Amino acid sequence: MSRVLRVLVTGRDGQLGRALLEAVPEGVEAIGSGRAELDLADPEACRRAVALHRPDWVLNAGAYTAVDRSESEPEQARAVNAGAPAAFAEALAESGGRLLQVSTDFVFDGSQGHPYAPDQPLAPLGVYGGSKAEGERLAIEHLGADRTCVLRTSWVYGPVGANFCLTMLRLHRLRAEAGQPLGVVADQVGCPTATAGLAAACWAAITRGVTGRHHWSDAGAASWYDFAMAIGELGAAAGLLQRPAEVVPIATSDYPTPARRPAYSLLDCRTTRTALDLPPRHWRAALADVLARVPVPAT
Ligand SMILES: NC(=O)c1ccc[n+]([C@@H]2O[C@H](COP(=O)([O-])OP(=O)(O)OC[C@H]3O[C@@H](n4cnc5c(N)ncnc54)[C@H](OP(=O)(O)O)[C@@H]3O)[C@@H](O)[C@H]2O)c1
């Protein structure tokens, strides 16, 4: 009989953390850790957690994810997004474990115009992407690429948490009632990724012992405008909206934000899908599944 794998999952209360803990595979003992148990900004606490739990893997799903706020709080973003993976990697190098570091499409600048391969050079545009890129680099530097899995993903959303899909459902409702259009950015292209599929990819990486740099998103491509349109259409079909609002395409320059975002951040997931033996699933199909899990609002 094969041994049970002990996995310390950080970010337990985040979108991905919750999906991970709902889908722990057979043969894995998951130890979920939230902010109350472990402050990811404290490297000594990260090292102590490894010494205490002696995990076979740390699955670092916790992160400072406030992209715009990070521009005014760079030290906090770096402490969590670079400091924690560095500290986990140092401790795991001693204890003999491995690290799955979840990372982001924001490590690329988006100027390429075709999907990014996992081994391409990084060029983040802002503090958040920069801190995640530093986390990747430090993890591999301390633990080695053969004991670190960097799994980059994009546009993460699920049935709970703070995300674009749930925000759009609320805005569709408000704007449709008020008879006002909803302007959504149409010149940034990427791919939405549902937490359930991303969690399955993380667990497959761990149970298969996949390391190195990898990319995971749902399949297809979309602008935020396309995604908002589909949320309206499928949200109405799922009974979450009486009717969608009119969605109008706007330019990034019409919706200024503190952080610059990549204009095109599709991730080439082909080698990762093969390594994980997981088939592609189109983002619209995944969106329908997520919407089926969102509670219908009381009218
Ligand atoms: N969301 C996206 O669109 C997206 C896109 C690409 C990649 N990613 C990556 O995917 C991973 C999962 O993201 P997600 O969407 O699940 O993020 P999330 O919902 O924001 O969850 C992140 C979790 O990390 C926790 N956290 C933040 N600072 C902490 C600290 N100092 N100590 C302990 N816990 C702390 C948060 O706790 P609090 O709630 O208490 O702050 C939260 O539970 C992250 O690595 C992220 O960088 C996300």
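Analyst: **The open sheet and its surroundings**

Let's begin with two strands: strand S1 (residues 5–10) and strand S3 (residues 57–60) run parallel and are joined by 4 bridges. Strands (E, at least two residues) and helices (H or I, at least four residues) are DSSP runs, numbered from the N terminus. Two strands count as paired if DSSP finds at least two bridges between them. Please keep in mind that this is a predicted model, where local features need pLDDT of at least 70 and side-chain atom pairs count only at pLDDT 80 or more, while totals for chains, interfaces and linings use all residues. Residues are numbered from 1 along each chain as its sequence is written.

Stepping back, you will see an open sheet of 6 strands, paired in parallel in the order S2-S1-S3-S4-S5-S10. Its edges are strand S2 (28–33) and strand S10 (212–215), each of which pairs on one side only. On average, neighbouring strands of this sheet are turned by 20 degrees against each other, direction ignored.

Helix H3 packs on the sheet and touches S3, S4 and strand S5 (148–153). Touching, or contact, means that the C-beta atoms of two residues, placed from the backbone, lie within 7 Å. The direction of H3 makes about 165 degrees with that of S4. Such angles run from 0 to 180 degrees between N-to-C directions, with axes fitted as lines to C-alpha atoms, for helices over the stretch in contact. Helix H6 (residues 195–208) lies across S1, S2, S3, S4, S5 and S10, and runs at about 165 degrees to S5.

Next comes helix H1, where 6 of the 8 residues are buried, so this helix is largely enclosed by the rest of the structure. A residue is buried if 20 or more other C-beta atoms lie within 10 Å of its own, exposed if 12 or fewer do, and partly exposed in between, with C-beta atoms placed from the backbone. The buried residues of H1 are Gln15, Leu16, Gly17, Arg18, Ala19 and Leu20. They pack against S1, S2, S3, S4, S6 and H6. The loop between H1 and S2 holds valine 24, which counts as partly exposed because it has 15 C-beta neighbours inside 10 Å. The C-alpha atoms of valine 24 and tryptophan 203 are separated by 7.4 Å, although these residues are 179 apart along the chain.

H1 also takes us to the ligand. Of the 26 residues around the ligand, Gly14, Leu16, Gly62, Ala63 and Val156 come nearest; a residue is near a molecule or strand if its C-beta atom, placed from the backbone, lies within 6 Å of it. Helix H1 (15–22) and strand S4 (98–104) are the elements that give two or more residues to this shell. H1 provides the largest share, 3 residues. By class, the shell has 11 nonpolar, 10 polar and 5 charged residues. Here Ala, Val, Leu, Ile, Met, Phe, Trp, Tyr, Cys and Pro count as nonpolar, Asp, Glu, Lys and Arg as charged, and the others, Gly among them, as polar.

Tryptophan 155 is also worth a look, in the loop between S5 and strand S6 (156–157). Its phi is near 45 degrees, a positive value in a residue other than glycine. Tryptophan 155 counts as buried because it has 22 C-beta neighbours inside 10 Å.

Finally, let's turn to the largest nonpolar core. A nonpolar core is a set of buried Ala, Val, Leu, Ile, Met, Phe, Trp, Tyr and Cys residues joined through C-beta atoms within 7 Å. This core has 86 residues, of which Leu59, Phe88, Leu100, Cys202 and Ala228 touch the most other members. Helix H3 (residues 74–95) supplies the largest share of the core, 9 residues. Leaving out residues up to four places away in sequence, phenylalanine 88 touches Cys46, Val50, Val58, Asn60 and Leu99.
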